[in-house]
2 protein chains.
Amino acid sequence: MRIVNNLKYADMPPAEVRKLAREGKIDWNTSGMCAGFAQANLVILPKALAYDFLLFAQRNPKSCPVLEVGDAGSRDLEIIARGVDITRDLPRYRVYEKGAFTGEYTDVSGFWRDDLVSFLIGCSFSFESALLEAGVPVRHIEEGKNVPMYTTNIDCVPAGVFGGKMVVSMRPVPQDKVVKAVTVTASMPRVHGSPVRIGNPSAIGIENLDKPDFGDGVTINEGEVPVFWCCGVTPQSVLMNSKPDFAITHSPGHMFITDIKNTDLKD
Amino acid sequence: MRIVNNLKYADMPPAEVRKLAREGKIDWNTSGMCAGFAQANLVILPKALAYDFLLFAQRNPKSCPVLEVGDAGSRDLEIIARGVDITRDLPRYRVYEKGAFTGEYTDVSGFWRDDLVSFLIGCSFSFESALLEAGVPVRHIEEGKNVPMYTTNIDCVPAGVFGGKMVVSMRPVPQDKVVKAVTVTASMPRVHGSPVRIGNPSAIGIENLDKPDFGDGVTINEGEVPVFWCCGVTPQSVLMNSKPDFAITHSPGHMFITDIKNTDLKD
């Protein structure tokens, strides 16, 4: 994580950073860029799979909060940003063919087809800044780690070819701040919203908090409760389970930076 | 409106009322039935149009809050009710063929096809009871009328074949209760959520509040502000604009009664 490189991009408008990514001048992670602006996960799928994926999102809105769906064949967006080339404005992409990861690219315009649909999905970066502003500590940020994520025993509601277990992220919250953590995130349903569970990890099939399935383990202090939120990894893992013929996603941490403020994601 | 008939159904479980409708024993409007349970609008479309309609809903969530989308070909539901026959469990349906209204039926099972998809859409009945509980008067209920609805000059975000102007419903709210009306409905985004506008009807293209485009005009008293909410007529009117080859909807007021409580619709 080259976060130090990003300080100079903290106050840059999103369109500028997207332009630099488009020109190949930014090819690293977007953490800390364009402070206050929402960043989004990207999934690009053929139109033939788009209905099932959109239906999966509708049925699992806390796991898969869709910020915008592009028109089939369009590389631009209309709502969360304009003047976009979705195939070049993210720093790094991953391409999947016949269900297998086939490469990481800084530009996927060569893969574009008229039947491709872009899904932009809310990301917990947005609610983490709201938590910090509300005085709720975010441990993995304090410890300079990736958030711990766990595959639960909770089934997502399936839709067509898409289905699988819910993946959650965990943040340890001091007992006296748990209510605040719920109310702050509940006000932001478009970036996963309120927690799915408070405490009792074994009830959702998590046996060892120190051994997350994705990301890093973090310190849980005496008097802190593990709080679990739906996680953007769920749609990605559900997508990969289905072994789509073709898909493009952002590379983890290399997000799409939108023109909307985190505060605009509040209801 | 035979509301008087419905008093005996106020405390009946939703599954019982759906069974009576299925047996043809209830063929009138559902107003006041199964008190506390959410009622829903129904749109049934061929799968070929389902993606565009779901995308329209995703892009216009306040106008078109989807509670559940059935699997193609399935007459049952999984989330908001179970053991359903969507073609018989509503008291009355409307059928549209080649874009034209062709008949009203109490049973549409004969029209069923394996490519049909059912959309259940939240309805303002749910937030109206929340308003009343919070001490905000609901004028059209007081006056025994249908809610006044207006076509605005606000464009919905189009999606595929679907597009058109936003239709809003209006409730006059005493000045000192406007904030309460906002906060109560904002907590229920799955049934249209917070208002789109407070006051100033001409700014959204409404010239005469006494002459609604749908429903009935209601009294606006001195010191009351007209408050406008997104309305379930929008998806219906947008659907009809597109002149679909085939569609089934509920007949106005003859709603699908779900197994979920209005209070479960709060975030």
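Let's start with helix H3 of chain B, residues 125-133. Its buried residues are B:Phe125, B:Ser126, B:Phe127, B:Glu128 and B:Leu131. Buried means that 20 or more other C-beta atoms, placed from the backbone, lie within 10 Å of the residue's own; exposed means 12 or fewer, and partly exposed is in between. Helices (H or I, at least four residues) and strands (E, at least two) are DSSP runs, numbered from the N terminus.

A word on the model. It is predicted: local features need pLDDT of at least 70, side-chain atom pairs count only at pLDDT 80 or more, and totals for chains, interfaces and linings use all residues. Residues are numbered from 1 along each chain as its sequence is written, and chains are lettered from A and ligands numbered from 1 in the order in which they are written.

Back to H3(B). What covers its buried residues? The cover includes strands E1 (37-46) and E5 (116-122), plus helices H4 (139-142) and H5 (178-186), again of chain B. After H3(B) comes B:Gly135, with a positive phi near 85°.

Now chain A. Here we have an open sheet of 4 strands, in the order E6-E7-E9-E8, with antiparallel pairing. Its edge strands are E6 (149-155) and E8 (197-198), each pairing on one side only. Two strands pair if DSSP finds at least two bridges between them.

Take E7 (165-174) and E9 (224-230) of chain A. They pair in the antiparallel sense over 7 bridges. A:Val168 has A:Cys230 of E9(A) as its bridge partner. A:Ser169 stands opposite A:Trp229. E8(A) pairs with E9(A) too, antiparallel, over 2 bridges. There, A:Ile198 stands opposite A:Val227.

Why is E9(A) largely enclosed by the rest of the structure? Because 5 of its 7 residues are buried.

Next, a helix on this sheet. H5 of chain A, residues 178-186, lies across E7, E8 and E9, at about 15° to E9(A). Axes are lines fitted to C-alpha atoms, for helices over the stretch in contact, and angles run from 0 to 180 degrees between N-to-C directions. Contact means C-beta atoms, placed from the backbone, within 7 Å. Helix H6 (233-241) of chain A packs on the sheet as well, touching E6, E7 and E9; its direction makes about 160° with that of E7(A).

Last, the contact between the chains. Chain B gives 12 residues and chain A gives 12. On the chain B side, H2 (47-59) and E2 (66-69) are the elements that give two or more. H2(B) gives the most, with 5 residues.

Methods: Two residues are in contact if their C-beta atoms, placed from the backbone, lie within 7 Å.
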